[in-house]
Amino acid sequence: MTTQAPPLTRARVDSSQRLTFIRAVRSEWIKLATVRSTWWSIGITALLTVGIAVLIAQAVDMPGFEPIQAVVSPIQFTMLLAGILGAIAVTGEYSTGMIRSTLAADPVRGSVLTAKALVLALFMFVSSLVIFFSAALAVSLVVAGRDQSIDWSDPAASFLPILVASFAMAVFAIIGVAFGFILRSGAGAIAATVGLLFVLPIMTNFFSFAGESWKWVIEMASYLPSSAAQSIILPSEGAIVDGPTGYLTLGCWAVGTLLAAWAVLRTRDA
């Protein structure tokens, strides 16, 4: 008498063990939150933002000056910290070899890129909101002595510039993430981020003295990430980049750099 082997059954994977995008996002958050450099970067960003805002509020007392200008002006410097944080969040994994474990756990490289960019963007947006509102409180205390205040009943003179500045900081972090995946080198990614956000706008300003034949350079420079951000944080009459164009420009920089990073990530070994 022969015994019949039991039919083969397809192995079932417990749903609690399946990798989902939400779990990939949670993993990226754990990696970001457990690194000291993350909190050092946010701490330095907070100190610079509040400190520079207070100094501007104390130094500038002239007709037409709005206290909210002092609150958001430090973004010209803190945008570098946002971009650098995004860059080192990626290159740190390459330097330690953790990227191999990350890609082994989640072979869909677009998912890894999207999860990391999303976590960095949300973290930077929320952190920037807290920091800018703290700066607004400090500036309010400074200008109260000369009978000035932030008019919270007017969105354009209060919380709207703070929201837009926080959005811009999130975009700068995404650009840093993209350069991190493209270059894989901490020094290279930081240099590229600083070059795009800070050095290139300064270099293009030199062409303002070169006459009308070089005016196109100044116009093109208005579409750089930092210039577009400034044009929508505090809109001004006669600006080359208006509000909708500024948002579209920042969106194109974020999406374009991430697409370039995805193209590199999917065709190159870890």
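**Entry 1, H1 against H6.** I began with helix H1 (residues 21-33) and H6, which pack at about 55° with their axes 9 Å apart. The model I am reading is a predicted one. H1 and H6 are therefore oblique to each other. I noted the crossing of H1 past H6 as right-handed. Next I looked up who makes the contact: H1 brings Phe21, Ala24, Val25, Glu28, Trp29, Lys31 and Leu32, while H6 brings Ser111, Val112, Thr114, Ala115, Lys116, Leu118, Val119, Leu120 and Phe123. Sorted by class, the residues of this contact are 11 nonpolar, two polar and three charged.

**Entry 2, H6 against H7.** I stayed with H6 and turned to its packing with H7. Here the angle is about 145° and the axes are 8 Å apart. H6 passes H7 in a right-handed crossing. By class I wrote down 22 nonpolar, two polar and one charged residues for this contact.

My next pair was helix H4 (residues 75-96) with helix H8 (residues 186-205), packed at an angle of about 155° with axes 9 Å apart. That angle makes H4 roughly antiparallel to H8, because angles over 145 degrees count as such. Their crossing is right-handed. From H4 I listed Gln76, Met79, Leu80, Gly83, Ile84, Ala87, Ile88 and Thr91, and from H8 I listed Gly186, Ala189, Ile190, Thr193, Val194, Leu197 and Phe198. What classes do the residues of the contact of H4 with H8 divide into? I found 10 nonpolar, five polar and no charged.

I then went looking for the largest nonpolar core, which holds 68 residues. Val71, Ile75, Phe172 and Phe181 touch the most other members of this core. H6 gives the core its largest share, 16 residues.

Leaving out residues up to four places away in sequence, Phe181 touches Val90, Tyr94, Ile99, Val112, Leu113, Lys116, Ala261, Val264 and Leu265.

Is Ser226 buried or exposed? Ser226 sits in helix H10 (residues 225-233), and I marked Ser226 as buried because its relative accessibility is 4%, with the cut-off for buried being under 20%. Its contacts, again without residues up to four places away in sequence, are Met79, Phe172, Leu197 and Pro201.

My other serine was Ser127, which lies in helix H6. Ser127 is buried too, with a relative accessible area of 12%. I also checked Ser127 against Thr45: they are 82 residues apart in sequence and 9.4 Å apart in space, C-alpha to C-alpha.

Most residues other than glycine have a negative phi. With that in mind, I stopped at Asp147, which is not a glycine and yet has a positive phi of about 60°. Asp147 belongs to the loop between helix H6 (109-143) and helix H7 (159-183). Asp147 counts as exposed, at 77% relative accessibility.

Arg184 gave me a second case: a positive phi of about 65°, and not a glycine either. I found Arg184 in the loop between H7 and H8. Is Arg184 buried or exposed? Arg184 counts as buried, at 17% relative accessibility.

Key
Residues are numbered from 1 along each chain as its sequence is written. This is a predicted model: local features need pLDDT of at least 70, side-chain atom pairs count only at pLDDT 80 or more; totals for chains, interfaces and linings use all residues. Side-chain values use heavy atoms; hydrogens and water are left out. Axes are lines fitted to C-alpha atoms, for helices over the stretch in contact, and angles run from 0 to 180 degrees between N-to-C directions. Helices (H or I, at least four residues) and strands (E, at least two) are DSSP runs, numbered from the N terminus. Angles under 35 degrees count as roughly parallel, over 145 as roughly antiparallel, 65 to 115 as roughly perpendicular and the rest as oblique. A crossing is left-handed if the near helix is turned anticlockwise from the far one by less than a right angle, and right-handed if clockwise. Contact means heavy atoms within 4.5 Å. Ala, Val, Leu, Ile, Met, Phe, Trp, Tyr, Cys and Pro count as nonpolar, Asp, Glu, Lys and Arg as charged, and the others, Gly among them, as polar. Buried means under 20% relative accessible area, exposed over 50%, partly exposed in between (1.4 Å probe, protein chains only). A nonpolar core is a set of buried Ala, Val, Leu, Ile, Met, Phe, Trp, Tyr and Cys residues joined through side-chain atoms within 4.5 Å.
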